[in-house]
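Subject: Structure for your review

Dear colleague,

Please find the structure below, followed by an account of what was found in it. I would be grateful if you could read the two side by side.

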Amino acid sequence: MTQFERKHPGLNLGSHHGAAHDQAEALVFGFWVFLMSDLIIFGLMFATYITMQGPMAEAGGPGPAQLYDLRSAWIQTLLLLTSSLTFGLASLAMRHKHGVAPVVVPLVVTLGLGLTFLGFELHDFQGMLAQGAGPGRSGFLSAFFGLVPLHGLHVTAGCIWLMVMLAQIAVFGLSDMVKLRLLRLGLFWHFLDIIWIGIFSIVYLAGLTG
Amino acid sequence: MTPDTILPMIFGRIGLDSLPFVPAILNPSTSEFIAAGAAGVVFLGAFIVLGVVTWFGWWGPLWRDWLTSTDHKRIGIMYIVLALVMMARGVIEGALMRVQQGVGLDGGFLSDGHFSELFSTHGTIMIFFVAMPFISGVINYVMPLQIGARDVSFPVLNQISLALTAVGAALIMISLILGKFSTGGWPAYPPYTGLAFNPGPGPDYWIWSVGIAGLGSTLSGINFAVTIYKERAPGMTLFRMPLFTWTVLCTAIIMVFAMPPLTVATATLALDRYLDFHFYTNDLGGNMMNYVNLFWLFGHPEVYLLILPAYGIFSEVIATYSGKRLYGYMSLVVATMSISVLSFTVWLHHFFTMGQSANVNIAFGIASMFIAVPTGVKVYDWMATMYRGRIRFSVPMVYATGFLMLFVIGGLTGVMLANPTISFQVHNTLFLVAHFHNVIIPGVLFGLLAGYHYWFPKAFGFRLNTRWGYITAVLWIVGFCVTFFPLYVLGLMGMPRRSVSFTDPSFEPLTLIAMGGAMLVLMALSSLMIQLWISVRDRATAQVPLGDPWNGRTLEWSIPSPPPEYNFAVIPQVWSRDAFAADKEAGIAYQEPETYDAIAVPSNTSIGMVVCIGGVLLGLGMVWYMWWLAAVSFLGIVGAFIVRSFQTDTHRIIPAAQVARDHRVWLAQIAASPEVTRAQECSPANRGRAMNERPEPSL
């Protein structure tokens with residue numbers, strides 16, 4: 001492994017990528033700062049969710065025990081964690097390998113996993129709505145629907161971004177611009193994984209054990 | 001389908017009575033006439049601007065040189081123009097409220113709803129669309145120059161931030177013409193601003209204008225922070241940065257962390273209003289205290305976000321006009337950092353009376369008092385900078401003097417209010433109104449006006465008129481004192497804030513004095529405009545193309561005025577603090593480099609205008625329930641971003657020969673120009689090459 005100057009936290013492209021590695025410094029650092037800002041939004045939605053627990057906030061409506069399906073949440077967790085693994089494989093391939101295929105194949109798998117995750121999540125929401133447990137039912141459910149779908153919207157944005165990137169790889173190949181964007185999309189994708197671990201622990205596990 | 005079903009699908013809930021002219025005809029009263037008149041002014045103003053631009057054929061240059069520009073300097077100027085336009089409205093609204101309370105014994109001429117709208121728009125405008133864009137503008141213009149950079153890290157993002165701010169400002173202006181703005185004050189507390197109590201479009205205008213502009217500020221913060229971390233010239237270590245840049249760094253960090261709570265507060269309030277959520281409703285388990293916490297988790301850091309750059313401006317101004325390096329640089333940096341950390345620990349003092357236990361209140365009260373410590377350090381540092389300096393009592397120094405004296409008073413009343421027991425007595429009275437105006441006007445506004453005066457010649461190549469500058473500054477200072485000091489007394493007498501009228505005749509003398517003060521402030525605003533007009537008219541006698549009219553100390557003065565679009569022909573090498581002053585001292589300023597390189601600058605893009613127009617339509621669609629419009633404009637914006645992401649050619653190259661030619665012409669002018677002394681600073685002889693005069697050596 002060649003030694004090179006690390007330009008930013010996380011996976012660096014390395015100096016064998018030339019100009020892309022130099023440009024990554026400000027771009028990726030900027031994206032880290034953006035993620036910090038986004039993390040505050042999630043943090044506050046988590047805090048709101050935590051304060052809106054219990055009979056007062058449930059307002060006589062259903063609570064976690066009646067609503068959450070741990071099996072489905074666990075499947076979603078596995079899907080999302082696996083998608084993070086496959087994105088990681090794509091990033092490593094981008095850094096170490098020649099050719100487009102070793103990058104594109106895991107990215108397509110990532111996209112598939114992400115969309116499947118969204119499918120499971122939407123199915124869960126639909127089930128809740130069908131029971132009359134929508135955000136209009138109680139403050140608790142408002143906090144739930146403020147937090148979990150916010151993550152889902154982020155995953156949706158990530159999937160759209162991923163599709164755009166696949167199109168850009170098709171048009172430009174792995175140009176510097178594309179590589180720099182994939183670096184940032186990777187950070188975004190792993191970030192969403194971390195948020196999901198928070199949701200799984202605080203919303204689903206704590207909700208069902210509490 | 002009948003027209004009754006089709007029209008609401010197209011126009012949502014806009015009706016004929018949404019236009020302010022209609023109620024003025026149907027239900028004539030002074031209050032309605034004022035509303036209709038304001039709408040008329042907006043119409044007329046827009047019409048005149050469009051007419052003038054068309055008449056002079058300025059659409060082309062406006063589009064090419066400004067609206068699609070990614071140059072941080074032009075974006076900075078556009079921010080400040082936006083701020084000044086909005087300030088005109090905000091000041092007039094403030095004066096109108098003072099007049100209403102001046103004659104408000106048992107009545108007055110405004111309806112209570114109209115008065116509530118006025119204090120809501122006044123607060124929202126002054127914070128989000130005057131202070132914020134003015135500060136973003138000054139930061140945008142000055143900060144990259146101070147650190148020896150060619151632009152901010154993300155020029156296109158910068159343009160988008162401006163666009164988002166402009167969307168918010170446009171929505172709040174449109175609310176004068178179409179419908180009514182919120183009556184819920186600038187923090188817009190639910191449940192009052194919830195759907196149950198306020199079904200109209202007012203709170204929705206607030207949500208979308210503040211929410212969208214807030215996103216712009218978050219992105220600005222990211223941009224500024226990354227620029228300072230990554231784009232500094234070689235040798236410009238963190239502790240060699242000018243103090244203004246330090247305050248910008250702290251402000252940027254606050255923006256990154258304090259704007260998200262605002263986004264959450266506005267978004268959740270919107271969910272309550274649009275999708276039947278129950279975050280803050282009275283029924284079904286809503287908890288409005290969550291909103292209050294979220295809002296002030298943004299709102300308190302926000303005031304430090306505003307004041308820190310003003311501290312930075314005063315640091316530059318006082319050092320330059322005292323002819324000395326800043327006293328206590330390290331302590332100022334540490335104080336700035338301490339304030340930005342503490343700013344996140346005091347939000348609860350905005351609602352001591354809202355039900356926490358006494359111990360919680362005490363903790364936040366003590367934290368609030370702590371902020372006075374680093375602020376006090378700063379005040380002493382500024383005074384020590386002046387001590388034994390060779391002070392020129394220029395216009396920015398008049399503002400600085402007004403600031404030092406008045407701001408200390410405002411700060412001390414803040415320490416009083418930080419005490420929960422006192423807060424219980426005077427909260428929700430005019431004492432509070434006097435306090436925050438006393439920190440924001442002498443602090444933020446005077447700072448910005450001092451900066452405007454100080455850096456104007458850098459941006460436009462000519463100095464502002466000094467005589468009108470003094471008149472304006474004195475009018476602001478006196479006007480402020482006469483308007484707001486009576487409010488302290490009124491507050492202690494028990495007059496509640498936000499009252500359209502009152503019944504206690506003992507309030508009347510002081511409300512009348514405050515009204516007189518408001519007239520002085522209006523004169524100050526007019527005088528500011530007159531100054532600009534006269535300065536532009538007489539610009540031939542105030543040219544400073546050589547770039548250093550004030551014997552400046554930092555890098556922005558080492559380049560021509562106005563600077564070329566790439567700022568620095570060659571990126572400067574920095575050896576010490578106050579880089580340009582040190583170069584002048586050592587006699588190595590204005591040197592010709594051995595070689596010039598070609599410079600890549602970001603090319604123009606219309607993405608900002610797409611965001612701006614799309615954002616306004618999106619906001620209008622949401623406010624008026626025109627869902628098709630909201631959907632189309634949202635998808636349009638997303639689509640524009642995707643299309644742009646396929647564009648690969650985003651830079652333009654300026655050839656080395658052109659850079660060399662321009663730089664050599666300027667260097668030749670420098671060599672041919674005599675240095676002017678401090679005595680000639682305000683005379684036509686000052687063409688921007690100030691003599692490097694030092695303070696008297698201390699004995």
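B:Gly216 is buried, as 27 other C-beta atoms lie within 10 Å of its own. Here a residue is called buried if 20 or more other C-beta atoms lie within 10 Å of its own, exposed if 12 or fewer, and partly exposed in between, with C-beta atoms placed from the backbone. The residue sits in helix α8 of chain B; helices (H or I, at least four residues) and strands (E, at least two) are DSSP runs, numbered from the N terminus. Leaving out residues up to four places away in sequence, B:Gly216 touches B:Ser161, B:Leu164 and B:Thr165, where contact means that the C-beta atoms of two residues, placed from the backbone, lie within 7 Å. B:Gly216 and B:Ile160 are separated by 56 residues in sequence, yet their C-alpha atoms are 7.2 Å apart.

The model is predicted: local features need pLDDT of at least 70, side-chain atom pairs count only at pLDDT 80 or more, and totals for chains, interfaces and linings use all residues. Residues are numbered from 1 along each chain as its sequence is written, while chains are lettered from A and ligands numbered from 1 in the order in which they are written.

Backbone features of chain B

The loop between α7 (155–177) and α8 (202–230) of chain B contains B:Pro191, which is joined to B:Pro190 by a cis peptide bond with omega of about 5°. B:Ala188 lies in the loop between α7 and α8 of chain B as well. Its phi is near 55°, a positive value in a residue other than glycine, and B:Ala188 is buried, with 24 other C-beta atoms within 10 Å.

A cis peptide bond also runs from B:Ser561 to B:Pro562, with omega near -15°. B:Pro562 is placed in the loop between α18 (508–537) and α19 (579–586) of chain B.

B:Leu284 is a non-glycine residue with positive phi, near 55°. Its place is the loop between α9 (243–274) and α10 (288–322) of chain B, and B:Leu284 counts as buried because it has 20 C-beta neighbours inside 10 Å.

Helix α21 of chain B

Helix α21 of chain B covers residues 627–645, and its 19 residues should span 27 Å at 1.5 Å a residue; the C-alpha atoms at its ends are 27 Å apart, so the two values agree. The expected span is 1.5 Å times one less than the number of residues in the helix. The buried residues of α21(B) are B:Ala630, B:Ser633 and B:Ile637. They cover an arc of only 75° around the axis and therefore lie on the same side of α21(B); the arc is that of the directions from the helix axis to the C-beta atoms. Among what covers these buried residues is α20 (607–623) of chain B. On the face turned away from the buried side, α21(B) carries the exposed residues B:Trp627, B:Trp628, B:Ala631, B:Leu635, B:Gly639 and B:Val643.

Nonpolar cores

A nonpolar core is a set of buried Ala, Val, Leu, Ile, Met, Phe, Trp, Tyr and Cys residues joined through C-beta atoms within 7 Å. The largest one has 243 residues, of which B:Val167 and B:Phe314 touch the most other members. The element that gives the most to this core is α10(B), with 21 residues. Beyond its neighbours within four places in sequence, B:Val167 is in contact with B:Ile212, B:Ala213, B:Cys612, B:Gly615, B:Val616 and B:Gly619. Another core, of five residues, lies apart from the largest one; B:Phe568, B:Ala569, B:Ile599 and B:Val659 are among its members.

Chain A and its interface with chain B

Chain A has seven helices and zero strands. Its C-alpha atoms fill a box of roughly 60 × 30 × 25 Å along the principal axes. Of the 210 residues in chain A, 40% are buried. Among contacts in chain A with a separation of 6 or more, 74% are between residues 24 or more positions apart.

At the interface, 30 residues of chain A are in contact with 31 residues of chain B. On the side of chain A that touches chain B, the elements giving two or more residues are α1 (19–51), α2 (54–58) and α6 (139–172) of chain A. The most comes from α1(A), with 14 residues. By class, this side of chain A has 18 nonpolar, ten polar and two charged residues; Ala, Val, Leu, Ile, Met, Phe, Trp, Tyr, Cys and Pro count as nonpolar, Asp, Glu, Lys and Arg as charged, and the others, Gly among them, as polar.

With kind regards
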